[in-house]
Amino acid sequence: MFTGIVEELGEVTAVEQLAEASRFRLRGPVVTEGAKHGDSIAVNGVCLTVVETADGEFTADVMQETLNRSSLGVLGAGSRVNLERPMALGGRLGGHLVQGHVDGTGEILSRTPSEHWELVKVALPGHLARYVVEKGSITVDGVSLTVVEAAADYFTISLIPTTLALTTLGIKQPGDPVNLEVDVLAKYVERLLAAGVNPLHAEETQK
């Protein structure tokens, strides 16, 4: 489980194409400190399993399913990426609950700079629109953000200078793809309601 608070702006150092998979090597001295085989690290919001670490780098195998459902497939050597280690149990939840399970990809539509922040408009896949609400949370390339405007086919986010400087959202341009993860709590509520369960009276329903 992650929080969507990016710890480090890392870099892809190599991509090896395998049969129906790819092996990524990524540089991230902060997130690899103390990391070992089997640990999880979020890369642009995608939860990946560490295969090995050495000299501030780690490798991770990415299945074809992940390549199909995320924007990791467009990355190559030199690509910058957002990196985050899992949250520590009992630690502060700085963003919101993020699983690292990408729900779909969007596309940067426009960027409108202002004096103290930048408004970014992102295309929203139709099947995710119902989970995105004004002032709600969404994860974009692994960054926990607050939705400014939620429409049927797009949403906007306001990026402060810190986010622009310390994540890949500062260099993404119109036309670039981004990974999207919606609030998992909204999906659970939807599933319960579809089953005819009132979450406020779940215990009574089970009796």
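Biologist: What should I know about the model and its pLDDT average?

Modeller: This is a predicted model in which residues are numbered from 1 along each chain as its sequence is written, and side-chain values use heavy atoms, with hydrogens and water left out. Local features need pLDDT of at least 70, side-chain atom pairs count only at pLDDT 80 or more, and totals for chains, interfaces and linings use all residues. Here pLDDT is the predictor's confidence in each residue, from 0 to 100. At least 70 is the score of 94% of the residues, and the chain averages a pLDDT of 91.

Biologist: Which element has the lowest mean pLDDT?

Modeller: Helices (H or I, at least four residues) and strands (E, at least two) are DSSP runs, numbered from the N terminus. Among the elements of the chain, strand β6 (residues 80-84) has the highest mean pLDDT, 98. Where pLDDT is low, the predicted coordinates should not be read in detail. The lowest mean, 55, belongs to helix α4 (residues 202-206).

Biologist: In what order do the strands from β1 to β6 close into a barrel?

Modeller: Two strands pair if DSSP finds at least two bridges between them. Strand β4 (residues 46-54) and strand β5 (residues 57-63), for instance, run antiparallel and are joined by four bridges, with Glu 52 having Thr 59 in β5 as its bridge partner. Six strands close into a barrel with antiparallel pairing, in the order β1-β2-β5-β4-β3-β6.

Biologist: And what is the average twist there?

Modeller: Axes are lines fitted to C-alpha atoms, for helices over the stretch in contact, and angles run from 0 to 180 degrees between N-to-C directions. In the barrel β1-β2-β5-β4-β3-β6, the twist from one strand to the next averages 45°.

Biologist: Which strands form the barrel that includes β7?

Modeller: Strand β10 (residues 143-150) pairs with strand β11 (residues 154-159) in the antiparallel sense over three bridges, and the partner of Ala 150 in β11 is Phe 155. The closed barrel has six strands and antiparallel pairing, running β7-β8-β11-β10-β9-β12. Direction ignored, neighbouring strands of this sheet are turned against each other by an average of 45°.

Biologist: Why is strand β12 largely enclosed, and how many of its residues are buried?

Modeller: Antiparallel to β12 runs strand β7 (residues 104-113), joined by four bridges, and Thr 105 stands opposite Asn 179. Strand β9 (residues 137-140) is also antiparallel to β12, over three bridges, and Val 140 stands opposite Leu 180. Buried means under 20% relative accessible area, exposed over 50%, and partly exposed in between (1.4 Å probe, protein chains only). Strand β12 (residues 177-182) is largely enclosed by the rest of the structure because the buried residues are five of the six.

Biologist: Is Gly 104 buried or exposed?

Modeller: Gly 104 is found in strand β7. Contact means heavy atoms within 4.5 Å, and Gly 104, leaving aside its neighbours within four places in sequence, is in contact with Arg 69, Leu 128, Val 178, Asn 179 and Leu 180. At 8% relative accessibility, Gly 104 counts as buried.

Biologist: What is phi of Asp 55?

Modeller: Asp 55 lies in the loop between β4 and β5 and counts as exposed at 72% relative accessibility. Its phi is positive in a residue other than glycine, near 55°.

Biologist: Which ring does the charged end of Lys 121 sit over?

Modeller: A charge sits over a ring if NZ of Lys or CZ of Arg is within 6 Å of the ring centre and within 35 degrees of the ring normal. The charged end of Lys 121 is 4.2 Å from the centre of the ring in question, which belongs to Tyr 154.
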